[in-house]
Amino acid sequence: MEKPLPLQCTSLNFRGFQYGQAMLFAIEEINNSTDLLPGISLGYKIYDGCTSIAKSVRVALALANGNEVVSASSEAPCTRPTQVQAIMGETSSPPCMAIATVIGPFHIPQISHFATCACLSDKTKYPSFLRTIPSDYYQSRALAQLVKHFGWTWVGAIRTNDDYGNIGMATFTETAQQLGICLEYSVAFFRTDPPHKIQKIVDIIKSSTSKVIVAFLSHIDMDVLIQVLSHHNLIGYQWVGTEAWIFDSLTTAMDRHHILDGAIGLSIPRAHVSGMREFMLDVKPLNSSSNAMFTEFWEALFSCKFEQSKSSAGNQRECTGHEDLNGVQNSFTDMSFMPIFNNIYKGVYAVAHALHSILNCNKTCNNTVQLDPLMILQHLRKINFKTKEGDEVYFNENGDPAAKYEIINWQPTENGTVDFVTVGLHDASLPEGKQLNLQNNSFIWAQNSKQVPLSVCSEKCPPGTRKVLQKGKPVCCYDCLRCAEGEISNITDSITCVRCHPEFWSNERRDTCVKKEAEFLSYEEIMGALLTAASLFGTCMTAVVAIIFFRYRQTPIVRANNSELSFLLLFSLTLCFLCSLTFIGRPSEWSCMLRHTAFGITFVLCISCVLGKTIVVLMAFRATLPGSNVMKWFGPAQQKLSVLGFTLIQVIICILWLAISPPFPFKNFKGFKDKVILECALGSAVGFWAVLGYIGLLAILCFILAFLARKLPNNFNEAKFITFSMLIFCAVWITFIPAYVSSPGKFSVAVEIFSILASSFGLLICIFTPKCYIILLKPEKNTKQNMMGKGTPKPF
């Protein structure tokens, strides 16, 4: 067993000394154990790499070749050959990469406690490298998830210009882009860079608009940057950091201007190893006086000097060797790095468990087994055990442990120090959406604010708008444009507006599709009720006239005007009044077909009856002329056949219309933005206009014949009243055409109903009112002599 031996460094590194002490604690604990490697004592050699890659590689090669220089005699020499079976270290990634490259061919296991570069997981380049700290691949992704959680989509990034920083930031950038996070800038520097390069970083931060800075830096580079930022008083920025500096007490000591107050980042989970703190603080230099490292350490720790020391330090006070560590406050007595000490502890135990397996240890171990570094490496990859504190130790196929982090928040205290407060956890082994677990009520942000900082290029686009990217800028920079009429976006930051279904319309805020109100002419509304009442009133009037005519059917005035056609006309008028009711109410497939065909057939029946009465008048006059025998050609049978024939033509037209392209219920979405019009589509426009045209043709023919017969000698010439009724009928339906075409929605239906009722009332009043007047009020004129008349009627 060898005592710690130093290389000649410019100064003593207390943190490195702590790492050595942690390894010694694990080795002594194993050597005193009866369960692990019974009867076997682990030996060790400790070297300080002095933060130099070249020195670290030289030591590794010397260890691999067995040519290391011993600067002091061993008090407890090893009982077995001094071939190195495993190397613990280094602390940072670049030296580890260099060492792993040169010792890889020898298959000597190298276990690091603090090298996090994701590149070291590449087993083709570094086949013998393992570590007890998670890879930066997981840390980079966790940082991106953390930034996304707080809604920071516009951030700046600073990284160490080496593999640790560059590879880590590359993974962060890739994950950030997937999560919709944009980097306003991403700059790299190294602690040895000239001042003007670091000044350029300061200028970039000052000119930026982002308020969050992700710092993928080693603690040494962070210390350099803090000094520069302090000169410029760059406060008010929210820093997000890696485990390399986020829980480093030395960094907090450097931050005298509170630049990093409120910083948040990832750290190795807190750990406690019972007995380690006491062991590390129990240093007895007089008992180790043969070792120069302990002498140097003691002199640096208490600022004193031993008489026999060759130190050139200008310390005037003489060391007694009995100084009390309990009164010292420095980086050596700071146990905040206990999680890293625990990583060293687990690494030593991993090697011990591998050896335990190789030597087939039970109560004793097989000392005859020839140890081989490759064999140890293979067993190390398979180990799985728990420490005395319950921590599970194993390596995955890349030589990495499970990735678990604590979320650390820098919270300043009243006495000017900083507390590292755990505000959450991140476990990469959990499903994607459950990896991050935060306690959102315990954060302190930049400038001691309790409000989460805002760092976005553009404010969120509210519902009712869509994002439009700004030309030449990242996707996080955009304008919010209001959705067009009829389109909506019901989520924040929508990239498109969706057109509402025709049955819906977008409200004024353009964030919701509102169902359109169905509009049709119903019985419940005033206009529908009035038209229904008018229809029923017309039906009742027609029934009353029919009753009067039936009551006085034997009187001359009824018999003289062809009573059979009169009753048929009254029947058809009743149907005309009633067919208007089919136009009221919600359109259905049957009501749409019924309303137009019923209207067309009943009106043709009505006009056919009027036309028959007109022809009868003309024939009757011709029959009174000497030698005329026309009435035999147009008797009662012919009259009925003419009405049937004219009506049958309309029936055929309607049948063809219904067979080819019938009317059907239709939802009209174009008339109003907030209403859907329920109406009956015509189906075949030709069919509709053929029905109307045929009615118009008969009406015009009837009007012409009645006009010709208006001056025929008769005291009660019915042709005059038919002329008036046809004049009203034609006027109504000629006016109907432009009114129907220009009326919107349900008003077009109302126009059609009004035209039906107006023309029906016109026929009823003009043809039957004069007769009823004579029958009821002037019965003395209801005689055959008066009907024949002696004088000629006055022209109109």
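Predicted model: local features only at pLDDT ≥ 70, side-chain atom pairs only at ≥ 80, totals over all residues.
A crossing of two helices is left-handed if the near helix is turned anticlockwise from the far one by less than a right angle. The crossing of α13 and α20 is left-handed, and so is that of α15 and α20.

**Confidence.** The chain has a mean pLDDT of 84, with 88% of its residues at 70 or more. Residues 71-76 fall below 50, yet this stretch has nine contacts beyond near neighbours in sequence. Residues 790-796 also stay under 50. For them the model has eight contacts beyond four places in sequence.

| Pair | Angle | Axis separation |
|---|---|---|
| α13 (residues 526-551) and α20 | about 25° | 10 Å |
| α15 (residues 563-579) and α20 (residues 746-777) | about 155° | 9 Å |

Angles under 35 degrees count as roughly parallel and those over 145 as roughly antiparallel. Therefore α13 runs roughly parallel to α20. Helix α15 is therefore roughly antiparallel to α20.

**α13 with α20.** The crossing here is left-handed. From α13, the contact residues include Met527, Leu531, Phe537 and Phe549. From α20, they include Lys746, Phe747, Lys771 and Leu776. By class, this contact has 18 nonpolar, three polar and two charged residues.

**α15 with α20.** On the α15 side, Ser566, Leu569, Leu570, Leu573, Cys576, Phe577 and Cys579 take part. Their partners in α20 include Ile756, Ser760, Leu763 and Ile767. This contact divides into 13 nonpolar, two polar and no charged residues.

Terms used: Residues numbered from 1 in each chain as written. Heavy atoms only, no water. Axes fitted to C-alpha atoms, helices over the stretch in contact; angles between N-to-C directions. Helix = DSSP H or I, 4+ residues; strand = E, 2+ residues; numbered from the N terminus. Parallel < 35°, antiparallel > 145°, perpendicular 65-115°, else oblique. Contact = heavy atoms within 4.5 Å. Nonpolar A, V, L, I, M, F, W, Y, C, P; charged D, E, K, R; others polar. pLDDT = per-residue confidence, 0-100.
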